[in-house]
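Please keep the sequence and the model in view while reading.

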Amino acid sequence: MTKPLDGKLALVTGASKGIGAATAKALAEAGAHVVLTGRDVRSLEKVEDAIHEVGGASTIAPVDLGESDGIARLASAIAGRWDKLDYLVISAAYLPTLSPVTQIDGKQFSQAVTTNLLATQALLANFDPLLKRAEAGRVIGLTSSVGNEPRAYWSAYGATKAAFDNLLDSYAQEVEKIGNVRVANIDPGATRTAMRAKAYPGEDPQTVKPPEDVAARIVELLVNDFPTRHRERVEG
């Protein structure tokens, strides 16, 4: 069977569960060697086992994106083994408890800012050299509609996703004329994940699409390519 991403190296953050795990598996199935990163080592191992069971290739790299030097150490480790990074998929995200602006939990808000915003800047800064060394470096960020359209009670998450979108789009413009790196921002829409269940506890999970649908679209975009600053919502 043809492997369209054979020989490519991909890094997926938040690869231990949900859309990140599904995307890591789909990329590996398409032939890429996938670096799995996240905090839950046991869950990462399960994803790696699933990848190896179907003949895929992956490497586990546990990292807490909230650690000040964690991402820099990850980039150094990857650069020490590979000379380039073809794909960076930024899937890791943190959802604070939904609340009015006036009652946002400061600790949770800080964690959202760290995971959704500061870590994104650190990922782009540290992996930019490796992406530029690839023949066609590609960055795909997973965003949310609440970053683009403010919604009551979602401000703590939405504000960080608005900043996330701004960072990705700014980076896309900065590198557009100086190399082959392109950036896409994907809104997965309603998807059957633990984060979705946290936000909508009364929802029947079978009424929304599985994360594999989003993963399939991400792989399709990487195989067929896309213009930089591409943005789309994956409908179920």
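A crossing is right-handed if the near helix is turned clockwise from the far one by less than a right angle, and left-handed if anticlockwise. Helices (H or I, at least four residues) and strands (E, at least two) are DSSP runs, numbered from the N terminus. The model is predicted: local features need pLDDT of at least 70, side-chain atom pairs count only at pLDDT 80 or more, and totals for chains, interfaces and linings use all residues. Residues are numbered from 1 along each chain as its sequence is written, and side-chain values use heavy atoms, with hydrogens and water left out.

H1 (residues 18-29) and H8 (residues 211-224) cross in a right-handed sense. Their axes come within 8 Å and cross at roughly 45°. Axes are lines fitted to C-alpha atoms, for helices over the stretch in contact, and angles run from 0 to 180 degrees between N-to-C directions. H1 and H8 are therefore oblique to each other (under 35 degrees is roughly parallel, over 145 roughly antiparallel, 65 to 115 roughly perpendicular, the rest oblique).

On the H1 side, Gly18, Ile19, Ala22, Thr23, Ala26 and Leu27 make the contact; on the H8 side, Pro211, Glu212, Val214, Ala215, Ile218, Val219 and Leu222 do. Contact means heavy atoms within 4.5 Å. By class, ten of these residues are nonpolar, two polar and one charged.

## Nonpolar cores

A nonpolar core is a set of buried Ala, Val, Leu, Ile, Met, Phe, Trp, Tyr and Cys residues joined through side-chain atoms within 4.5 Å. Buried means under 20% relative accessible area, exposed over 50%, partly exposed in between (1.4 Å probe, protein chains only). The largest core has 32 residues; Ala24, Leu27, Val34, Leu36, Ile140 and Leu142 touch the most other members. Elements that each supply at least two residues include H1, H8 and strand S5 (138-142). H1 gives the largest share, seven residues.

Another core, of 29 residues, lies apart from it; Ile71, Leu131, Leu168 and Val183 are among its members.

Leucine 123 sits in helix H4 (residues 106-133). Its relative accessibility is 1%, so leucine 123 counts as buried. Beyond neighbours within four places in sequence, leucine 123 contacts Thr13, Ile71, Leu88, Ile90 and Asp128.

Serine 16 lies in the loop between S1 and H1. Serine 16 is buried too, at 16% relative accessible area. With the neighbours within four places in sequence left aside, serine 16 contacts Ala21, Asp40, Ser43, Leu44 and Val47.

Note on methods. Nonpolar A, V, L, I, M, F, W, Y, C, P; charged D, E, K, R; others polar.
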